[in-house]
Every structure is written in structure tokens, then in C-alpha cells.
4 protein chains.
Amino acid sequence: MIIAGPCAVESHEQMDAIAANVAASGANVLRGGAFKPRTSPYSFQGLEEKGLQFLADAAQKHGLRSISEVMDGESIDLVASYVDILQVGSRNMQNFSLLKRLGKQSKPVFLKRGHSATYREFVGAAEYVLAGGQAEVILCERGIRTFETYTRNTADLAAVPALKELCDLPVVVDPSHGTGRRSLVAPLARAAIAVGADGLMIEVHPNPAEAVSDGQQTLNPLEFEALMRSLEPIAEAVNAKNVLI
Amino acid sequence: MIIAGPCAVESHEQMDAIAANVAASGANVLRGGAFKPRTSPYSFQGLEEKGLQFLADAAQKHGLRSISEVMDGESIDLVASYVDILQVGSRNMQNFSLLKRLGKQSKPVFLKRGHSATYREFVGAAEYVLAGGQAEVILCERGIRTFETYTRNTADLAAVPALKELCDLPVVVDPSHGTGRRSLVAPLARAAIAVGADGLMIEVHPNPAEAVSDGQQTLNPLEFEALMRSLEPIAEAVNAKNVLI
Amino acid sequence: MIIAGPCAVESHEQMDAIAANVAASGANVLRGGAFKPRTSPYSFQGLEEKGLQFLADAAQKHGLRSISEVMDGESIDLVASYVDILQVGSRNMQNFSLLKRLGKQSKPVFLKRGHSATYREFVGAAEYVLAGGQAEVILCERGIRTFETYTRNTADLAAVPALKELCDLPVVVDPSHGTGRRSLVAPLARAAIAVGADGLMIEVHPNPAEAVSDGQQTLNPLEFEALMRSLEPIAEAVNAKNVLI
Amino acid sequence: MIIAGPCAVESHEQMDAIAANVAASGANVLRGGAFKPRTSPYSFQGLEEKGLQFLADAAQKHGLRSISEVMDGESIDLVASYVDILQVGSRNMQNFSLLKRLGKQSKPVFLKRGHSATYREFVGAAEYVLAGGQAEVILCERGIRTFETYTRNTADLAAVPALKELCDLPVVVDPSHGTGRRSLVAPLARAAIAVGADGLMIEVHPNPAEAVSDGQQTLNPLEFEALMRSLEPIAEAVNAKNVLI
């Protein structure tokens, strides 16, 4: 499961270009935020339904599945009418009302770890969805908050095998948010595959310098293509070795 | 503003006994959780509307205002129909959909700091409520998550003067969650007054050992009474000295 | 125990001026770094023995005791020949070789908490000194490292009563390093007294803007005088109330 | 550079057995603590010089280089007379007196990251050694302290490429301390190779359940052998791909 795309949906053209690129490089899910959780209410909050439309159109045209964030119970139906996978952002990892509602609908749920959540809290949050009847929950490690300022977050790759000890859910790693620096995304993505992750979520934009948000941690299509090529031998190596240990 | 009461509303009798006690000791707001955010969906989730009723009855009988947590936009009207102040828990500090809805209703909002939120993120969250039109927002420092295991959280008292540098909202301290240990509640409460807090939120239960949750950080009525008596001279001292510095 | 003085000893005149001021305001110990632990080897490393001389002269002239940091076993005798109290900095809290040597000499030891040390590790470090025979160890809470960037460190005032539960040593608070911001030093100092601290360590400089280090967290003599006046009624209030609870 | 061996040197027989095993599996440096930094002065402090002798004998017999921790300037000569590489433990990362002395001697220095040190502080510490003239400094990421309790530390693999952006020193990863759980050591070791680490430090003991310290994070020889075999294809994959990105 390789999820790629921009932080925020910006336009029809942007999404079409990204979808074409990431599909060609081997991604199978297109991401893009239409409702954006931002620290300040005065920051860009997303294109909302129009953004979902652009995302869905681009995904369909290029043979990709789609994922986008749902921020409250009231908008689950709207988001679910456009996308294939419903994302819960890290700020809402313990929004139990939202999780309960997501347990009662039919789309898979992609749950991002809260930035200071313990593994057991993370699994507990997933159980809120599972308890409602939705068995397809995908966990996403996206970095935790520490004292380090060189990176935006500290990617916690031990979370992958640790979560697999605590539950049976697939675990995806987001090295874009996990590091916050473009130069660190590729090595952490390779390490995520080596540690046993079931997938990656990578921010990709045709021109990261012009992205409305998160540009500093976003790859351009060429960088993403190079990253994808570098993952193959690692995936092979690990699969073989998973049998051994 | 001295908020006191149990973690969770358990019964009519419990709330009546606590309300009588904390009112006699000088509290002016009665707390009690009716919808409980719990790490596991299989833990006690609260008495829900019945709990709100017990809380409201006890508060009214003993001349106290009331506060309880609201966990999603859908239940704002229900909670607001019973209580005077709407609490947003730390897990929902950046539940922006909930905050936006709270900005559009008429009850004061009591916003607990996320357990790893920076001061600026905390103020940003408050701005979501303020931007909607609700000007009465009370910030609550309730401890942050650190490496320490002796305490449940690390009470960050510098948050009080720091938040006052960043905004004009009142700041209340919750030393019960801020420490997680009964023996530390009183000294931290005194320190909170000394550092300039505008109020306290304290967990009180007739018999902490039998509380359904958070008993280990809860005072009994005698301890709460002793604490309240110890706060008076500090409050006096600080008021006088606030003029000097 | 009120310890005051500059981060670094800079000159005879500086120390004399500060000593006169802080003594007049009620401090009883003069601080000043002569050997400075700095992140980079290319930063100012202190005046070394000359700095100790300036510190000792100023302390003696103004009737103060003196304290300075000792950075290794080899220089214990040198530092001890000038000052009354030997400080171990936070970076050396678990420099067990140094602690063992300090247990075998006769001057009191002032042990600063490591910036991410747990309470039990802090007490364990003190035990290295105590085990050697030196019973006078003073613990100093000076802030821990968290994700917050508004402050330099997060002052952990619960450490004071918690450490008193774990051992019988006096606990002093350093709100200068504990916050890293001048505006927060006074409120945190008052809170430290209210929480039960046995003393304070405060950075004071005649002209903080010109201090060679830590100027942004340093009080000028007028601010220090005002702070000292504001502490008296809190100390009175707490002493009375310590009896009650 | 694959460093393997027990947390503490326990006996001649133990070291000989481990050395034979790890050499056969492909390790090239033998580790073993002779002077142990322990939280309490009443815990086992190591076999001291006798331990160094056992370590040196076993290393020489099996064609390995040796590494052990040096805890103070006074014992540098002693440790250096037995081992090839001098380790500075995480508690001493900012023991600047020790670092300065290590800059003036001729053995390579293996510097473990302090458990809450930023990348820039880590590089600053290395500069204390480099400034003295010793150019062979090896950095070791060994996990940082966070709120997580499932693991002992949080392995920060982004440190590897980040440190390589900040300096030109080799970076080794210690997944044993980095996780504190045997089951997580192998996946994190593989991830460390994938992220670009220049080596690994792994705790190995003939019978981890009987190790005097750190047994819960220690591999037995069979586990170590299996880990080593699993690293080869990843190392190959990454070397090839380092060229591409």
C-alpha cells in the first residue's frame, strides 16, 4: 500500500498531474486533504467538497484508490461518498465520538497515531472502530513529538513491530510528517520497509516550493520515482528474511 | 473559580454529598463527567444524560454552577441544556469541528490543554471558539506528558504566566490530572495560586478508594477543606504582590 | 537559601556589584560560573581560577557564602579551595566518577537535576555522594526538556514534593534555567516557595543585556529586589499551612 | 562495523564464548562493560580492570577489536591500555572534561548520544573531542527518552541521515538500548542498515536470562546469527540505491 499525493488538494490540474505521476511510479492510493485541520482558524482550511471531487476524479482517471481526512461524524457520509478510505488525523486519534461513528460505516479507516499517544492508546483508539463492526482499520505511524527541533517530529519505527505485537492490524509509516524534512523522507521510507511496515504514505507535489502547506517535507515526482525504485530490493530482502527470524 | 467534584458522576447520592461538601469548603462550580473519554471502548463510558441530571440537580440544590465534558458537536445541545459551562477534554483540544460548533453557542467553554500541545497550539485552539463568536473561553493547564513515571503527568505551571503573555483568557490549573497523585495535589494547587492562576479544578470524592475512575488522584472532603483553607493566605499574598512586579 | 548571581563570572567589578545588590536584597549565597559547560568547545568556557577568585572575594566582602560548578574530579580541590558549596551541573548529574569523588570531600554538594532525569534517577545520583560519606547534598530542580519551544525548559514544580517523598534532602528550585525567560522567573519563583521549595537559585546581573551568557533569563538588581519582597508573604503563608496539611 | 557482546563483562568463560560466537557470525568488534554506570551506587558496578583483561583476551583470541566504556579522565590510560576503542556512555555525552581529555589521546572514541540530546548538542559534544586533535569519533544513536513505556527508549533512526547532514562522522545504531526489548532488536537493526547507518552495536549473551544486566534486550548467539544473515541483502540493496538518490 503506497499512498502518495499532496498535503492539500489545490486544484483539478494539480491533482491530475500528481495522480498521473504517482501512478506511473507505482503508488496505488491517492491522498489529498479537502478538510484541513490547522492550528489557527485563520489558516487555509481546505477546498472542502470541491477538493473531494478533484481527488476522486483524479484517482479514478489514473486507476488509483483515494483517501482523505474526515474531521467529524457529521461529514462522514459526505467524505465517504467521494473516497475509498477514510483518514482520521493525529489530532483526532482519541476523538472517540468520531471513532464510534466510523465503526458503523462501511469504508476502511486509516487511523493516524496521535503525536504523543502510546502504543496501547493507539490500539485502544483502533478498538473503538473495531468494536463498532468495521474490521478494516489501518494504523499509521507519523512521528511523535520530542525535544528535537531539527526535525518536525521524531519518526518512531519501533512502533511498527511493537504494534504488530499488540494487535493484528496493518501498519503504514508516513515519513513525510514523521520527519518534516524532504531530505530525510527517502531514508526513513526505506527504513520503514526494512522494519516491516505494510505500506507508506508520502507527500508528493509537482512543485513542493509552491505547495499551500507542508512543502518543506514534500517530494517532487522525480524524487518520488527514485524513492520507489530504491524500495524494491529492500522489500525483497525483508520478505525473504521475515521467514528466517 | 474553584471547580470541584468527582471524575465521573456515579449516582444522585454521590453528587449530592460532594456538592454539599465542596460548597461548604468554598468551591463555586461542581464538576462531574457524564460522557467519559476512555482509552478502551470497553471501559465505563459514563452515565450519559442521567449523569447530567444528577450533576445539575446537585449543583442547583447547593448553589453551585456546573461543568461537564462535551465530546462531539451532536451532543452540545444536550449537555448545554443541563450544565453552565461546557468542557472540552484534552484529547479533543484540536477537534476543530467541535471547537467551531462551540463558538456558535452561548455557554462558556472550558478548554483543557492537550497533553502535548504547545502554548501556541493551545491558544490557536481557543481561537477556533473565539472566531465563532463565543468570547468566554477558559484555558485549563492539566499537565503534559513527559518521561516521568512517578507522576501521571507533569504539571506545567509556567503555562499560566506564559499563556497570559500570549492571550487575555483566564487560566485555571487542574493539579489532580496535573500530577495524578493525591499527595501532590495540595502543594501544586498552592503553587498554581502563587503563579497567578485564575482558578483550580480539583477532583473530590466522598471515598476516593471507591471512585470508579481516578481515585488515586482524588481528595476526600476533609483534604479538600484543608486545601481550601491553605489557599487563602497565598491568594492574599499574591494579589498584594502582583501590584509590585 | 537564596542563591543569586550571574551565569558566568565576568570580572571583579561585576561580581562586587552583584554581591552588594543581592546581599542587600536578602540573598545569602553568591553564584557565578568559572568553568562553564557549553554545547560548543568554541564558546566562552569561563575565567577558570581567576573567576573563582573574583567570586570568593565578592562573597567574602559582602557576607555571602559562595557556590560554583565543578566539572571533574581533578578540579574538586581547586574549586573547593575558593567556594563554600560545590555545584554539579545538570549535564553531569550522572557523572558517577565525579559524584563518588564528591562523596569523599568535605564541602556541601549542590546537585542539579539532569534535564531528562526521572526523580528516582535524581535520588540515585545523590546517593552516589551520600554513599561516600558526604551527607550534605542539596537537590536542585532546574527544568526538564519537553516539546515546548516558548520556554527553554519546563519547570517541574511537582518535583519538590515528590523528591521529599523519596528522600530527606533539601530541594531548591532554579526558575531562571527552569523557564529561560526573564518574564517568567518571578512567578515561578513564587510558585516554588508555595510548593514547598527550601530555596531558590536566581540569575542576577547588573545589566542582563550585556551578560556573556543566559542574559534572556537573568534579572537585574531591581527586579531581583522586587521578587524578594514578593516572596515573604508567600513563605509566611506556606509555613503556616504546612502545619495544617 | 558490527559491535557485539554482553552489557557487562562477567567472566573469562563468558567473554570467550561470546567472542567465538559473534566472530563466527561476522561481528568485528567485541563489547563488554568493565566499569558500569548504574542508577544506584548499590548496583553491580562492573569487574573493573579484571573485566578489561577478560575482554581484551577474548577479543585477541578471536581476532576482534575491542571496545569498553571509560567513565572519567583518570581512567583513560587504564582502559586504553586494554581496548581498541574508548566508549563514552550516554550519561557522559556532555562530560566536557572527559571529552577534552579524550581529544588528547590516540584511541578512537565511540560517543553515545545522551538520552535527550539534540542532534546539534551531539555534534557539539563530538567537537570537544575533535578540537583536541582526535579525529576518529564514531557517533552512536542509542534511543531517546519519550513518554512511551512499552519500550525502554525510542530509537530515533532519522538521527542517522540527520547527523550526516550536520557532520562527516560515521553513525552507528544500538537497537538493544534503542528499544530495550529483545523482540524489537532485529527489525530495528535491519531498519538501521536501511536508513544508512555505518554499523550496529548489539548486546549478545550466551544466556540472556542469566545476564547480570540488560538481559531483556539481549540476543542469544542463535538470534544474533539469524540477524546477521538477514542484514546482508538489505546492505546490498541500500548500497546500490544510495547511488540513485
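With which residue does Arg181(D) form a salt bridge, and how far apart are the closest N and O atoms? In this predicted model, the partner of Arg181(D) is Glu165(A), and the closest N and O atoms are 4.0 Å apart. The pair is one of three salt bridges found across the interface of chain A and chain D. Six residue pairs are in polar contact across the interface of these two chains. On the side of chain A that touches chain D, at least two residues each come from α5 (119-132), α6 (159-166), α8 (182-195) and α9 (221-244). By residue class, this side of chain A comprises 25 nonpolar, nine polar and ten charged residues.

The contact involves 44 residues of chain A and 45 residues of chain D. The size of an interface is often given as the accessible area lost when the parts come together. For chain A and chain D this buried area is about 3,400 Å², of which 73% is on carbon and sulfur atoms.

Thr154(D) is located in the loop between β6 (137-141) and α6 (159-166) of chain D. With a relative accessible area of 1%, Thr154(D) is buried. Its side chain makes a polar contact of 2.8 Å with the side chain of Thr146(D). Apart from neighbours within four places in sequence, the residues in contact with Thr154(D) include Ile144(A) and Asp156(A) from chain A, and Glu141(D), Glu148(D) and Gly178(D) from chain D.

Over all chains, the whole structure contains 51 salt bridges. One of them links Arg181(C) and Glu165(B), with the closest N and O atoms 4.0 Å apart. This pair crosses between chains: Arg181(C) is in the loop between α7 (175-179) and α8 (182-195) of chain C, and Glu165(B) is in helix α6 (residues 159-166) of chain B. Both ends are partly exposed, Arg181(C) with a relative accessible area of 28% and Glu165(B) at 35% relative accessibility.

A salt bridge also joins Arg145(D) to Glu121(C), where the closest N and O atoms are 2.7 Å apart. Arg145(D) lies in the loop between β6 and α6 of chain D and Glu121(C) in helix α5 of chain C, so this pair joins two chains. Both residues are buried, Glu121(C) having a relative accessible area of 11%. Beyond neighbours within four places in sequence, Glu121(C) is in contact with Met93(C), Gln94(C), Ser116(C), Thr39(D) and Arg145(D).

Within chain B, Glu232(B) forms a salt bridge with Arg229(B), the closest N and O atoms being 2.9 Å apart. The two residues are separated by about one helical turn, because they are three residues apart in helix α9 (residues 221-244) of chain B. Glu232(B) is partly exposed, with a relative accessible area of 42%, and Arg229(B) is partly exposed, with a relative accessible area of 28%.

Note on methods:
Residues numbered from 1 in each chain as written. Chains lettered and ligands numbered in written order. Predicted model: local features only at pLDDT ≥ 70, side-chain atom pairs only at ≥ 80, totals over all residues. Heavy atoms only, no water. Contact = heavy atoms within 4.5 Å. Buried area = accessible area lost by both parts, 1.4 Å probe. Salt bridge = Lys/Arg side-chain N within 4 Å of Asp/Glu carboxyl O. Polar contact = N/O pair within 3.5 Å; in protein donor to acceptor, adjacent residues only side chain to side chain. Helix = DSSP H or I, 4+ residues; strand = E, 2+ residues; numbered from the N terminus. Nonpolar A, V, L, I, M, F, W, Y, C, P; charged D, E, K, R; others polar. Buried < 20%, exposed > 50% of the residue type's maximum accessible area, 1.4 Å probe, protein only.
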